[in-house]
Amino acid sequence: MYNAYQYLDATGSHYLLADAGIGTLAERGAMWLFVRYITDRFRADTSFAATVAFTRKLEDSTRTGADNVTAQTGVAFDTLVARWGLANWVSDLVVPGFTARPELTYTSWDFRTTYGSLHGSDPANFPKAFPLVPTASAGDLTNVAGTLRAGSGVYHRALQAPLAAAFQLQFGDAAGNYLPANIVPRLTIIRIR
């Protein structure tokens, strides 16, 4: 839980897949969260036996990495990563009128409750009640800058009032130029209410 907290507290600073060795604690937390997510989504039922059966499929395959995950789930890896990224924020989010779609949820953990409890009992190691706190701005003032690491995401809430004027989002560099065609960033939007 500590490793996952470290990842969720700074998602944009860590890779989903370690780029060296076994990864940092936060990267191991990201990996654990991802395996937990796909296990919750693709095991036959919520039993321990079904959990073991699914994870054994991952381990006993001759395939590795993204190819193995796609083969065992039947869903493209980039689709799973996008859904997982959203699930990290919305899985047990409580907002009047909002319910996350099943593919955007963890079924074995209620992270907001778990981290809230850990925060209450150990605030030195868990300083926030929930570590993933998106930045926010009015939609037309959205400006997010930085480096996006492979498989991870940056969370930002673009707050748009009803009937407010439309706005555009542009992926670009610091000079305002569009990104080169060989860079394929992913933007995932979810309407909370």
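I began at Glu27, whose side chain reaches the backbone nitrogen of Thr24 at 3.0 Å. I note here that this is a predicted model. Glu27 sits in helix H2.

Is Glu27 buried or exposed? Glu27 counts as buried, at 5% relative accessibility. I then looked up its contacts, leaving out residues up to four places away in sequence. Glu27 touches His14, Tyr15, Leu16, Ala18 and Asp19.

**Entry: salt bridges, whole structure**

How many salt bridges does a search of the whole structure find? I got seven. I followed up some of them.

**Entry: Asp40 and Arg36**

Asp40 pairs with Arg36 in a salt bridge. I read 2.9 Å between the closest N and O atoms. Why are the two about one helical turn apart? Because they are four residues apart in helix H2, which covers residues 25-42.

Asp40 has 5% relative accessibility and counts as buried. Arg36 has a relative accessible area of 16%. The cut-off for buried is under 20%, so Arg36 is buried as well.

**Entry: Glu59 and Arg56**

Next I took the salt bridge between the side chains of Glu59 and Arg56, at 3.5 Å from N to O. Both residues lie in helix H3, residues 48-59. They are three residues apart, about one turn of the helix.

Arg56 is partly exposed, at 46%.

**Entry: Asp92 and Arg112**

The side chains of Asp92 and Arg112 also meet in a salt bridge, 3.1 Å from N to O. Where do the two residues lie? Asp92 is in the loop between helix H5 (77-90) and helix H6 (111-121), and Arg112 is in helix H6. The pair therefore ties together parts that are 20 residues apart in sequence.

Asp92 is buried, with a relative accessible area of 16%. Arg112 is buried, with a relative accessible area of 19%.

Note on methods:
Residues are numbered from 1 along each chain as its sequence is written. This is a predicted model: local features need pLDDT of at least 70, side-chain atom pairs count only at pLDDT 80 or more; totals for chains, interfaces and linings use all residues. Side-chain values use heavy atoms; hydrogens and water are left out. A salt bridge is a side-chain nitrogen of Lys or Arg within 4 Å of a carboxyl oxygen of Asp or Glu. Buried means under 20% relative accessible area, exposed over 50%, partly exposed in between (1.4 Å probe, protein chains only). A polar contact is a pair of N or O atoms within 3.5 Å; within protein, one must be able to donate a hydrogen and the other to accept it, and residues adjacent in sequence count only if both atoms are side-chain atoms. Contact means heavy atoms within 4.5 Å.
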